[in-house]
Amino acid sequence: MLQKLADNYVSAAAVILFGIGFTTLLLNKNLVRKIIGFSFMDSAMFLFLAAQGYIEGGKAPILDPDQLTARTTFINPVPAGLVLTGIVVSVSVTALMLALTVRLYRRYHSLDIDEICRLAGKEES
Amino acid sequence: MSWWADIPLFSIILCLLSAALCSVLKARAARVTGYTVLALCVSGGVMLLSGLLSAGGSVTFMMGHFPAPWGNEIRFGQLEALLAIVFPLIMLMSLLGGARRMEEQVTSFRENLYYTVCLLLNAALLSQIYTNDLFTGYVFLEIMTLASCGLIIARSKGKALVSAMRYMILNLIGSGLFLLGVILLYDVTGHLLMENIRQALEKLHAGGEYKTGLTVIIALITVGLCVKSALFPFHTWVPDAYSNGTPASNAILSSLVSKGYIVLLIKCYCRVFGPEVISGSGINNLIMLLALSGMIIGSLDAIRTKETGRMIAYSSVAQIGYIYLGVALGSEAGYAAAIFHLLLHSASKSLLFLSADALQTVSGESCEFGPLAGAGRRAKGAGVAFTLGAFSLVGLPFTGGFVTKLLLGREALNRSVPVAVAVLAVLVVSTLLNILYFLRTVILIWSPGETVKKRTRFGPAFGISMIILGTGILACFFLASPLLDLICMGLTNFS
Amino acid sequence: MSNRFRVLRAFFTESESPLDTDQIRTLTGSVPDNRPGDADMLVTHENNIRWSGRNLDNRFEKSKKRITAVYRVFSVLAAVMIIAVLLFTVTDLPSFGGVEKPTQNEVQQRYLEKGLEEGGATNLVANMILDYRAFDTLGESNVLFMAVCTVILLLRISQGDTDRRLREENDDRHFEPKNDLILQTGARVLVPVIQLFGIYVILNGHLGPGGGFSGGAIMGAGLILYLSAFGFARTERFFTFRTFKTVSFTALSFYALSKAYSFFTGANHLPSVITTGTPGAILSAGLILPLNIAVGLVVCCTMYAFYTLFRKGDM
């Protein structure tokens, strides 16, 4: 089992990063750190995907127009495309979260989610 | 291929196009565009359903020049067509019903973007209903997440921002888990299209390969989607998110967005994993446990709260429990009950949120219960609508909720004795608790209270939305058997 | 309801305005010694905890500390548990870099072997995302559009709020030195190069590494550098909110319409006028080049819009 883990070291690193990011997003109280946790989680997922697409000795799937007939080993193009989609989604979500954080900070002068909830609760009681 | 088979493609593209268009229009023009496009989607859905009913079976539609497993695909049968009628219709009704608040709470400066968000959400919901590709499902699921956040923050108030933040945090976790599940699934099967994954999984299941992997994948996808659709105990974000936006947003969020995720989950179970893998993994037991606890705890929370909006939001937790109970029963009748309740709950929840908002307007804009006394007498239409919605969620006869409880109870009797007893007991207790908090409110709004000389007019848009949603709830009872036949026919063509 | 709260409520209906010291005193019961202004967005976590900690009495602070400790233990446990489960799953997965795994199937084989013939681009990933699986990518560009819409909803200051607009415009150069010689000289040299490179990456997306998303991000970065060096007075001559709206609307509708055409012809097995052309030529690969340009424009505008919205609440 450990041997298998050592073979899949990239995936192992990716899931460790995923766990760290997941926990940061879920349990850290600072909003900016939560967003960093989210970025961790997504990057870990991209690393995981990229690792799945890799073939020993494979090249990036871009053909050379001069040698179209030459046979080369390419890596799997599917994960590359999925990672691209994932990155765009991650950028969008990060931008939205940061904008929300800016608004919340302007209003409550705090980045601590518990503190913000407390102030928001008091606001209309 | 018949002409109607192009309708799903064109409804999705129309929504995407008009969403971009709304972002450059003025508020008024954007509103008209939004209503028109949603109405077109509804009529498209009707034509699709009639076409599919006469043709029978389901249609697989290539999105591009390449068949599965290379290109994207959408696939639709009677069930998908039914959902594609109901979802845009309810969104349209929620927008109409909440239109009177738009000016005041969203401001015309951003109102056009509100319709952009709604139309993109509709496009995402439709894609979620039609898609036959798991990764497409993920992409549109993220659009739904962002769109729901946009709907909450459209109202500029501190609490809306806080609830949007909490909503985003848990939903991002849900998306993350779902995506990881999809990636792992791709890794062990090598496919992203649902039917191809299913074939690969059948081989793996027969060969007994990747056993742990499969269990973890099922768990990741289930938990991810459960977090996003607010199954107990992942419901902590619900009361804030569903009660702090503008009424139209509350109605859309509670009645449509969570349902979109459930549709995707049912699709994963029926079309991707298949009943054998699912029942082998034992995930149904977990879901049933969570659903039953949710039905009780959601209702208890609803009793405890002091605000109308939060009460309706908490009752969503209980109602989502009913839907998941149907899913957890795992049989075709169970799924039919789940989908029936999903439709009914969409209609009832929008009706409740919109009519409760109207009742608050005539009671001095207070979110608490006290001032609501006699609100039904001050605004008769809204009072009747609220009563109808409440009765339907309690499950009184002549409303759709009665049928759901009957279906769930009957299906539970086919199970082993402990399961049947547990399900029936929880159904009874949950109904009693529902009666407690819904009837309390209904009695309150009809009890004598202060009368106001000046009558508040809510406008024809509000009236139309109340009438159509109310008719839907009644139709769920009086037309229950044709509707259930349709759902069952759809389910056989679904997987 | 006490008078104090009535005042507070009236205040909070104007969401954009920050709480001032008085409001904070009413809410937290004490005054922060150094109220961070709008400009100090990223105060550190430590500062923050200290700031809020001082407001609470001792007992509350103790219970808060205890909760924090429980939180920490819980986080570590949760992280370890998730990581353990996932690591266990990883041991069950196909091995890294191997050829014998489920993903090495007919799907990727066709993308690699027939991609050039069917899609026309020598960049096989471009073929995959813009032709074979174009519906995903259509959704993806709409995710970006959705995000920019929500950021506008959150951060754009309304036309009527002249006070705030003026304040933001005056504060606008708060972070950077005004008319910095080094920055401006650097930008004069770099911005054209960056823009050219961005355009190259977009136009070359079907022939080599690159494409609309990466090229658009590069061009957006170039615009941001130009803005940082020369300020809004110069960028507003060619890029306003109107430009943003027009460009993203045009690009997105072109994207949706052209893809609708290709989906429609594909699904109904109709002949399509789009041809793949000579492999390797710049005008080849059917729709991939125009789609890359459309995506590039959307991404460029979006990146620039994110920056300006965060910086002054408008473009």
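Start by selecting helix α15 (residues 380–394) of chain B together with helix α17 (residues 417–446) of chain B: the two pack at an angle of about 170°, and their axes lie 9 Å apart. Helices here are DSSP runs of H or I with at least four residues, strands are E runs of at least two, and both are numbered from the N terminus. The axes are lines fitted to C-alpha atoms, for helices over the stretch in contact, and angles run from 0 to 180 degrees between N-to-C directions. α15(B) and α17(B) are therefore roughly antiparallel to each other; angles over 145 degrees count that way, those under 35 as roughly parallel, 65 to 115 as roughly perpendicular and the rest as oblique.

Before moving on, a word about what you are viewing. This is a predicted model, in which local features need pLDDT of at least 70 and side-chain atom pairs count only at pLDDT 80 or more, while totals for chains, interfaces and linings use all residues. Residues are numbered from 1 along each chain as its sequence is written, and chains are lettered from A and ligands numbered from 1 in the order in which they are written.

Now show the side chains between the two helices. Residues of α15(B) including F386(B) and L393(B) meet residues of α17(B), among them I435(B), F438(B) and W446(B). Two residues are in contact if their C-beta atoms, placed from the backbone, lie within 7 Å. This contact has nine nonpolar, five polar and no charged residues. Nonpolar covers Ala, Val, Leu, Ile, Met, Phe, Trp, Tyr, Cys and Pro; charged covers Asp, Glu, Lys and Arg; the others, Gly among them, are polar.

**Next stop: chain A**

Select chain A, which has five helices and zero strands. Its C-alpha atoms fill a box of roughly 75 × 40 × 15 Å along the principal axes. Chain A has a radius of gyration of 21 Å, whereas a compact globule of 125 residues would be near 14 Å; this radius is taken over C-alpha atoms, and the globule rule is 2.2 Å times the number of residues to the power 0.38.

Is G57(A) buried or exposed? G57(A) is exposed, because 10 other C-beta atoms lie within 10 Å. The cut-offs are 20 or more other C-beta atoms within 10 Å for buried, 12 or fewer for exposed and anything in between for partly exposed, with C-beta atoms placed from the backbone.

Then click I20(A) in helix α2 of chain A. With 18 C-beta neighbours inside 10 Å, I20(A) counts as partly exposed. Leaving aside neighbours within four places in sequence, I20(A) is in contact with F40(A) and A79(C).

**Where chains meet**

Show chains A and B: their contact takes 28 residues from chain A and 20 residues from chain B. On the chain A side, α4(A) gives the largest share, 11 residues.

**Last stop: α14(C)**

Select α14(C), where 22 of the 25 residues are buried. Finish at G313(C), which follows α14(C) and has a positive phi near 80°.
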